[in-house]
Amino acid sequence: MGLYDDLKPNSQPQQKTSGMFDDLAVPKKEGIASSVFGTVKATGQGFLDMFTNPSEAQKAYEANYLPYAPKSNPIIRAITAPGVASMRVTTRLLNSGLMPLADDVANIYEVSRKGGIADQVKEGKIPASYLDDIAVLKKNGYNITGDVAQAVLSLYGGSAVKNVAKAGVKEGFKKAFVTGAKETAPVGLLFGAAQVASEGETDIKKIATTLGVSTATAMLLGGMVRGTVPATKSVSAKIAKLFEEKKIKVPVVSESVPSNIKVNTPNSRYSDYRASQGYEPYVDPNTLPVIEGGAPLVDKNPLPTVKQGENPKVFVNYPERLPEPYIPQDKLPTIEMGEKLPDKSGLPTIQMNDIPEVFPGDMTYHPIDSITKTTSGIVRAGKQAPELIQQIYNPIKKSPEVAPPKVRPTKTSFEVPDEFQQKKTELEIRKEALNQSPFNKLDARRYQKEGDIRELGDVTNKKVADKMQNDMGEVGIEDATKFQEEHTKFRENKAQFIQDEKIFKQEVQNAKSSFKSEVASLEDVAKQSSLADDIATQMEKDYPNNSFDRQTNKQQIEVVLKKDRDEIIQIAMGNKKSTDGIPEVAHYAVLKNIADQEAAKGDISLAREISYSNVDRKAGQNLQAANIAMKDNVSDIIKDVRIKMEDNLPTRVKKGKDVEISRIKKTINDALKGIEDMKPTREMIISALEKIKCK
Amino acid sequence: MSICIPQNYIDAVKEVVSNPSSKDRLSKLKDIFNGDEKLAREINLLYEKSLLLKKQSTAFDKFIDNINGQTVKNRAKLKESFLKNQERKNAIISDSGLDEISREIFDRKYKLDLPDEAIVELAKANKKTRELKPLMEKTPSDSPERIAWAEEHVKIQEILDGVINVNNDKGFLATIGAQAGDAWNRIKSKETLLNKAVETLKTAKDIALAPVYKSIGASVDASFMFRQGRNLLVEDPKIWAKTVQEAFKPIKNITSKTQQDLILREFKIKLASSKLYQEALDSGLGVGVIEEFFPTSLAEKIPVIGNTFKASDISFTMFAQGGRMSLFEKLYKNTADNLGVTKLEPQLAKDIATRINSASGRGNLGRFENQSGFLNKVFYSARWIKSQTDVFTMPFNGNLDPIVQRQAQIQSAKIISSVGATMFFASMFTDVESDPRSSKFGKAKIPGSKDLWVDLTGGLGSYIVLATKSTLALAKSAGLTDMKASKSAISGKLTDINSGKFGSDTVFDLFVNFGAGKTAPSLSALIQYFRGQDYSGNKPTVAGTVSNLITPISPKNFYESLQDEDFVSALIGWVADSTGLSTANYGKYKK
């Protein structure tokens with residue numbers, strides 16, 4: 001025998017087992033897997049033995065109590081046999097748990113029956129060895145508690161098994177088995193604990209084994225019981241299917257109530273869970289039922305009610321600019337020639353100090369005002385590039401005298417306007433006429449060659465010429481020239497019709513789009529009108545130390561909303577002082593709201609930028625997700641999250657933060673200083689031009 | 001009004017602008033524009049500005065390519081961010097603009113920035129909450145409008161959680177891997193060998209002090225019932241019972257993390273749909289916070305057994321925060337009714353919240369609040385210690401609103417009397433230590449056990465013992481009494497403190513030992529090494545220390561009890577421990 005022979009497979013003779021799992025026996029190895037397998041096997045075997053190979057005590061019990069029926073009467077025996085068999089199975093399952101307590105009770109009864117047993121032993125009436133036979137005397141309180149617990153759990157096991165079986169009705173076998181095993185595991189564990197207590201066991205390994213075996217047995221039992229139900233169902237369903245084809249299928253005509261199949265998904269489980277907590281499912285307001293006449297309407301329309309003749313308080317959105325209050329056409333100022341225009345050109349104001357090096361010494365910078373003054377004079381007839389000038393400058397037109405705007409009643413769907421209706425009818429007539437034309441029936445391909453229209457004289461192929469002749473007959477024009485003229489006219493009409501129809505469709509589409517944008521713009525306007533109010537409310541909450549009241553805040557916000565966006569940014573970021581007495585926080589509050597709107601549309605640059613502003617108050621200490629989530633705008637959220645995450649940085653990084661940022665700034669500054677001498681590459685020139693060419 | 005160059009003139013202008021001399025360029029532009037010098041100047045200026053911006057972004061791109069500590073993705077993001085800002089402002093970068101860029105570079109390097117997608121999602125959800133807010137404001141708690149708002153609010157919380165805890169979505173190994181990767185990168189980035197060694201030691205320290213050991217220790221039980229829940233049970237048994245019932249939901253669903261997540265989400269929505277949610281947050285009530293006993297979710301990611309940790313964490317959170325919210329609603333309403341108002345003054349609401357936090361194990365650290373991170377590295381839970389001392393100190397806190405102070409006085413009296421009553425009741429059946437000079441004070445012996453005792457005071461006993469012993473010792477030193485200050489929990493022998501005898505305890509020792517007993521798991525392990533023995537008097541070993549750190553407290557106590565006690569006693573002890581009635585096995589000291 002070698003030193004490592006023990007490690008070789010099959011080096012030891014296999015331990016012979018006798019049971020249903022013999023075939024599964026594997027060479028014995030030391031290890032977790034084999035240990036687990038051994039336990040499972042032992043559990044199964046023990047479980048099986050409980051029914052097939054009962055203990056002597058159980059056999060005695062069955063012999064004494066079960067066969068109520070007279071053995072001599074075969075008829076009664078046959079009738080009662082199933083009951084006796086089921087009772088046998090039940091008692092074999094339950095008795096192992098009930099017997100310890102029954103023994104205790106029997107012992108106690110025995111002792112009490114004899115009366116004064118201790119005295120009798122003392123007097124020598126009963127031999128002391130007799131006490132050894134009374135097991136209950138050796139038990140302490142915990143052992144007896146264990147016996148009682150076993151009995152209780154055994155009885156409870158019955159109802160548990162019943163519940164488990166009931167619950168398995170609606171499940172598949174696999175799920176039922178696993179769930180049954182899971183649900184009965186605690187019962188098994190408790191039973192094991194009761195067994196341990198009953199036996200007074202203190203060896204931790206034995207305790208673990210008892211607990212494990214008991215739990216595994218219960219799981220197996222639970223799984224099998226619960227799994228049996230669907231398995232039986234499955235078998236009966238298969239049997240039923242054999243007869244199903246014989247049934248007459250009645251087609252379902254219609255069902256007034258849709259029958260939805262319940263699909264088990266995380267969302268459905270979540271919905272079920274919510275429903276179990278008493279929450280009603282969320283209903284989209286758009287899908288809520290329409291309240292019919294007579295019923296009071298819930299005013300959910302955010303649009304303000306605008307009365308006839310009243311100028312609505314509205315704002316107009318311009319790209320890259322803050323919403324501006326809407327000014328009716330008749331209130332627009334008339335700009336006279338030579339008058340200085342307000343600087344709303346959108347062209348940035350460039351300070352000489354910013355880029356002095358780009359101008360050669362003999363050139364001076366002329367403010368844009370000096371050019372815009374002559375705007376109207378720039379359009380010069382007969383000059384070389386009038387169209388260029390027209391395109392470069394969009395001259396400001398004098399506002400026409402117009403009537404006060406009529407308030408458009410709110411529409412809910414697009415209606416084709418009258419002018420379109422007329423055109424549509426005209427097109428329909430033209431289409432019909434073209435369709436009815438005899439030329440329409442001719443094969444157009446015969447008159448086309450490589451995209452060109454060919455005439456009868458051009459045709460060299462006799463077959464084609466014959467067909468063309470035939471076409472003439474079809475149309476009823478004998479003269480080839482006339483045929484040609486008429487045919488050409490038809491083709492032109494048709495081409496024109498196609499073009500007109502295309503244009504018409506586009507016009508309708510545009511009208512629809514403009515209707516949509518009109519509706520959207522009205523909604524925006526309604527929202528904007530309450531913007532100042534909203535921001536003022538937020539300010540009241542965010543800046544409790546602000547000395548202004550809400551109304552004043554609102555007025556200030558309205559002024560800020562009219563300012564140039566860049567100016568607001570400069571003030572809000574603390575780069576410029578506010579000169580009109582409106583506090584910086586008001587600018588900041590406005591900017592945050594604009595940043596929010598932009599971020600929701602996907603442009604986050606402003607939100608990110610203003611989250612670095614020092615104008616706003618410092619973030620509070622309580623920077624948990626719930627508190628941060630209560631912030632009214634995303635810029636504050638970004639700021640708070642950053643502070644929160646910064647707090648988690650290692651101390652050494654936190655301490656060195658300012659120094660590192662200064663170093664980064666200096667390095668960028670150094671890098672940017674070189675741009676004065678940077679030689680522009682062709683790519684840079686093209687890119688620079690690309691930015692300033694008309695789109 | 002804006003200026004631009006029409007497409008058909010681009011080629012001509014391109015020819016001209018490629019001339020490096022501004023003077024020549026201007027002259028040729030003048031020709032194109034029919035001698036209009038002003039227009040030529042304008043176009044020249046426009047071009048030069050555009051070129052300058054282009055040069056600037058090129059220079060910035062180069063700078064970004066050459067800086068250290070940025071990932072490829074970060075570099076791309078920084079360039080994009082710069083370009084967007086430049087386009088938006090259409091101006092050369094200002095000094096303050098440089099500040100912002102520098103800070104953004106720093107933030108991206110240390111992952112402090114929110115991902116762009118998260119910002120967009122946040123903005124959308126935020127927009128929705130703002131739209132829903134006016135609809136729910138006048139509705140009662142748990143109304144559909146409030147629930148709709150709360151769902152969006154919780155969605156924001158979830159986005160934020162995902163951002164703040166960057167490893168939230170990763171599995172256990174991936175999280176460990178990511179953290180190891182970060183540590184490795186930090187070490188690698190150090191230039192000298194010495195610095196690398198120092199960084200390695202710092203990383204080892206971080207691992208040793210990792211908060212995960214706390215989470216593991218506090219898991220696998222429902223000790224919140226009688227430990228953190230003791231005060232709530234005394235103050236309002238109905239709320240306590242309801243909250244315990246709710247808190248058991250995750251434990252019932254221990255097999256499914258998904259179900260546990262749903263339960264937690266539902267709980268958060270329920271909290272947020274309370275009418276007083278805003279007031280609760282504004283007042284600093286401990287809702288939506290991370291509980292100190294579960295500072296990290298790392299252990300929850302461990303396959304299979306992670307479910308147990310997660311269930312413990314969520315149960316604890318639901319109990320603590322659900323109880324706080326319910327009590328806040330009740331007290332807020334009662335106080336407002338008594339005062340005849342609908343809304344309480346913010347300071348009064350804050351005081352109420354402070355008291356409730358304290359009553360549920362989340363004491364206010366006061367001036368040390370901003371040091372909570374450090375304190376939690378030292379102690380298992382600094383707020384829990386504070387909340388225990390608050391039972392004795394809050395009734396005398398004159399800074400509180402008189403209404404709240406009165407509530408605190410009543411509550412402390414109720415707690416102390418209920419503990420006394422429990423001790424008295426238990427003494428009818430078993431041994432109960434009532435001498436506050438013994439560390440066994442407030443504990444009852446489990447009937448039938450050798451020496452296994454259950455704490456009936458919910459942890460208050462140790463504070464009473466410390467106060468009694470030190471007061472008596474100092475009083476005796478001052479000659480005010482002849483009583484011996486200490487009673488041995490093992491032998492029952494009475495001894496003096498500050499006796500001056502060699503080896504005898506001093507008041508200083510009392511406080512040091514008391515503090516040592518409250519330390520965080522890692523520090524506690526270190527102290528055992530410094531002392532040369534663990535709490536059972538054995539020599540500490542590495543295997544034992546590691547095993548201690550990664551074993552939850554209640555199963556560990558159960559295992560230890562089994563060494564000295566019979567199974568049933570140990571089992572009873574385990575059940576008691578698991579519900580917050582801590583056990584002490586004095587048998588192990590007698591060996």
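**Two chains and their contact**

A:Glu683 and B:Lys54 form a salt bridge, with 3.7 Å between the closest N and O atoms. Please keep in mind that this is a predicted model. Across the interface of chain A and chain B, the rule finds 6 salt bridges. As for polar contacts, 10 residue pairs are counted between chain A and chain B, with both residues at pLDDT 80 or more. On the side of chain A that touches chain B, helix α24, residues 657-673, gives the most, with 10 residues. That side of chain A divides into 61 nonpolar, 23 polar and 30 charged residues.

Now the extent of the interface. In chain A, 114 residues are in contact with 123 residues of chain B. The area buried between the two chains is about 11,200 Å², and carbon and sulfur atoms give 65% of that area.

Next, helix α25 of chain A, residues 682-692. Which of its residues are buried? They are A:Met684, A:Ile685, A:Ser687, A:Ala688, A:Leu689 and A:Ile692. What covers the buried residues of this helix includes α1 (7-17) and α3 of chain B.

On to the cores. In soluble globular proteins, nonpolar side chains tend to be buried together. Here the largest nonpolar core has 88 residues, and the members that touch the most other members are A:Val641, A:Ile668, B:Ile105 and B:Leu160. Helix α3 of chain B, residues 37-66, supplies the largest share of this core, 11 residues. Taking one of those members, what does A:Val641 touch, leaving out residues up to four places away in sequence? Its contacts are A:Ile628 in chain A, and B:Leu114, B:Leu160, B:Val163 and B:Ile164 in chain B. There is also a second, separate core, with 55 residues. Among its members are B:Ile263, B:Phe316, B:Tyr332 and B:Ala349.

Last, one residue in chain A. A:Glu428 lies in helix α13, residues 418-436. Why does A:Glu428 count as partly exposed? Because its relative accessibility is 47%, and the partly exposed class runs between the 20% limit for buried and the 50% limit for exposed. A:Glu428 is 69 residues from A:Phe497 in sequence, while their C-alpha atoms are 9.9 Å apart in space.

That is the end of my part.

Technical notes. Residues are numbered from 1 along each chain as its sequence is written. Chains are lettered from A and ligands numbered from 1 in the order in which they are written. This is a predicted model: local features need pLDDT of at least 70, side-chain atom pairs count only at pLDDT 80 or more; totals for chains, interfaces and linings use all residues. Side-chain values use heavy atoms; hydrogens and water are left out. A nonpolar core is a set of buried Ala, Val, Leu, Ile, Met, Phe, Trp, Tyr and Cys residues joined through side-chain atoms within 4.5 Å. Buried means under 20% relative accessible area, exposed over 50%, partly exposed in between (1.4 Å probe, protein chains only). Helices (H or I, at least four residues) and strands (E, at least two) are DSSP runs, numbered from the N terminus. Contact means heavy atoms within 4.5 Å. Buried area is the accessible area (1.4 Å probe) that two parts lose on being put together, summed over both. A salt bridge is a side-chain nitrogen of Lys or Arg within 4 Å of a carboxyl oxygen of Asp or Glu. A polar contact is a pair of N or O atoms within 3.5 Å; within protein, one must be able to donate a hydrogen and the other to accept it, and residues adjacent in sequence count only if both atoms are side-chain atoms. Ala, Val, Leu, Ile, Met, Phe, Trp, Tyr, Cys and Pro count as nonpolar, Asp, Glu, Lys and Arg as charged, and the others, Gly among them, as polar.
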